[in-house]
Structure formats: C-alpha cells, structure tokens
Amino acid sequence: MAEFTVTRAIEIHATPERVRSLIEDFRRWTEWSPWEGLDPELKRTYTGAARGLGAAYAWEGNKKAGSGTMEIVGAGDEEVRIDLRFVKPFKQASTSLFQIRPSGHGASVSWTMTGTQRGLAAIFSKVMSMDKLIGKDFEKGLAQLREVAESDS
C-alpha cells in the first residue's frame, strides 16, 4: 500500500462563483478537463443532482480513457469534494478536492487528489510517483479551467 497526494494551484481572473460553477457541473468538464480527447467515442452518463452535492458522472472509454465514476460528496462556497473511483485500467479509489478562494484578482484555485495505491499500482509507485504521473494533467486542466472561466466572465 502506498498513499499519495497530488496538488496543483492557479490564480484565475474570474469570480470564485464562476470558477465553482465550472467544477461542480460535470457536464461543463468537457470544456476544461485535461483528459478530454483521450477517447472521441467516450460514453458519459450523468445522474443525481444537475450540479453540486449529489451530482454524479460515469464514463466508459478506450484503454487510454478507462472507466470509472465521480460523485460530488461535498460542496460549499470555497470547496468541491469529489469521490473518484476508477474501474479500468485499474481499480483505484481517491478523493479530489478543489479549493476556490477569493483573491485579489478573482480566485485562487487548488486541485488536490489523495488516495492509496494497492497491489501493482503500489509497486509501480516506487518507480513513478502519482505526482509525476498526473501532476502535468492537473496543470493542464487548471490552465484550461482558467481559460474557460476568464473567457466567459
């Protein structure tokens, strides 16, 4: 077993409410998620609330996209907490936390993922950390989130 934490942050020149609206509506993730485009035939299913607490999203795709589910299990003015479960290419449960705080120019946003790797993933983590594996994806996603939030504000 190997625990991990990956965190990236960015400043966005848009209101915290604007940024939060893009995060807590899974239908809007197609505009900024760093994993969009991994599978043009990706199947998406949205259930639960339209946005915020209880909103849920499932995906099923090719080997690159894999499959899994996300559900918003916590939503407040300054954070959105997501229960993330990968099914393929490997089983993994983790938590993503977006913190959205007012700043001098709009919003300060951090994206943190925490979890525990088991089995082969734990062994692989000795060679390649989760930070190295998905840190660049977080940076790309936050940059795209900033672009979308700033273009619409």
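Student: Among contacts in the protein between residues at least 6 apart in sequence, what percentage join residues at least 24 apart?

Tutor: This is a predicted model, where local features need pLDDT of at least 70, side-chain atom pairs count only at pLDDT 80 or more, and totals for chains, interfaces and linings use all residues. Residues are numbered from 1 along each chain as its sequence is written, and side-chain values use heavy atoms, with hydrogens and water left out. Contact means heavy atoms within 4.5 Å. Among contacts between residues at least 6 apart, the share joining residues at least 24 apart is 51%.

Student: Which pattern does the protein follow along the sequence?

Tutor: Helices (H or I, at least four residues) and strands (E, at least two) are DSSP runs, numbered from the N terminus. The protein has three helices and seven strands. Read along the sequence, the pattern is β-α-β-β-β-β-β-β-α-α.

Student: How many bridges pair E4 with E5?

Tutor: Two strands pair if DSSP finds at least two bridges between them. A hairpin joins E4 to E5 through three residues. Across the pairing, methionine 70 has leucine 84 in E5 as its bridge partner. E4 (residues 67–75) and E5 (residues 79–88) are antiparallel, and the number of bridges is eight.

Student: And which residue in E4 is the bridge partner of tryptophan 59?

Tutor: Strand E3 (residues 55–60) pairs with E4 in the antiparallel sense over five bridges. Their hairpin has six residues between the strands, and glycine 66 takes a positive phi near 65° there. The bridge partner of tryptophan 59 is glycine 68.

Student: Why is the pair of tyrosine 57 and tryptophan 59 stacked?

Tutor: Rings of Phe, Tyr and Trp (its six-membered ring) pair if their centres lie within 6.5 Å; planes under 30 degrees apart count as stacked, over 60 as edge-to-face and the rest as tilted. The whole structure holds 13 aromatic pairs. In this one the ring centres are 5.8 Å apart, and the pair is stacked because the planes lie at 25°.

Student: Is tryptophan 59 buried or exposed?

Tutor: Buried means under 20% relative accessible area, exposed over 50%, partly exposed in between (1.4 Å probe, protein chains only). Tyrosine 57 is at 11%, so tyrosine 57 counts as buried. Tryptophan 59 has 10% relative accessibility, so the class is buried.

Student: How many residues apart are tryptophan 59 and phenylalanine 86?

Tutor: These two rings form an edge-to-face pair, 5.9 Å centre to centre with 85° between the planes. Phenylalanine 86 is partly exposed, with a relative accessible area of 24%. Both residues belong to a cluster linked by ring pairs, which also includes Trp29, Trp32 and Phe98. The pair links distant parts of the chain, E3 and E5, and the separation is 27 residues.

Student: Which polar atom lies 2.6 Å from the side chain of serine 21?

Tutor: Serine 21 sits in helix H1. At 15% relative accessibility, serine 21 counts as buried. Leaving aside neighbours within four places in sequence, serine 21 contacts Arg28 and Arg51. The atom at 2.6 Å from a polar atom of the serine 21 side chain is the backbone oxygen of arginine 18.

Student: Which side chain does arginine 101 join through a polar contact of 3.3 Å?

Tutor: Arginine 101 lies in strand E6 (residues 92–103), and at 38% relative accessibility counts as partly exposed. Its contacts beyond four places in sequence include Pro16 and Gly106. A polar contact is a pair of N or O atoms within 3.5 Å; within protein, one must be able to donate a hydrogen and the other to accept it, and residues adjacent in sequence count only if both atoms are side-chain atoms. At 3.3 Å, the partner is glutamate 78.
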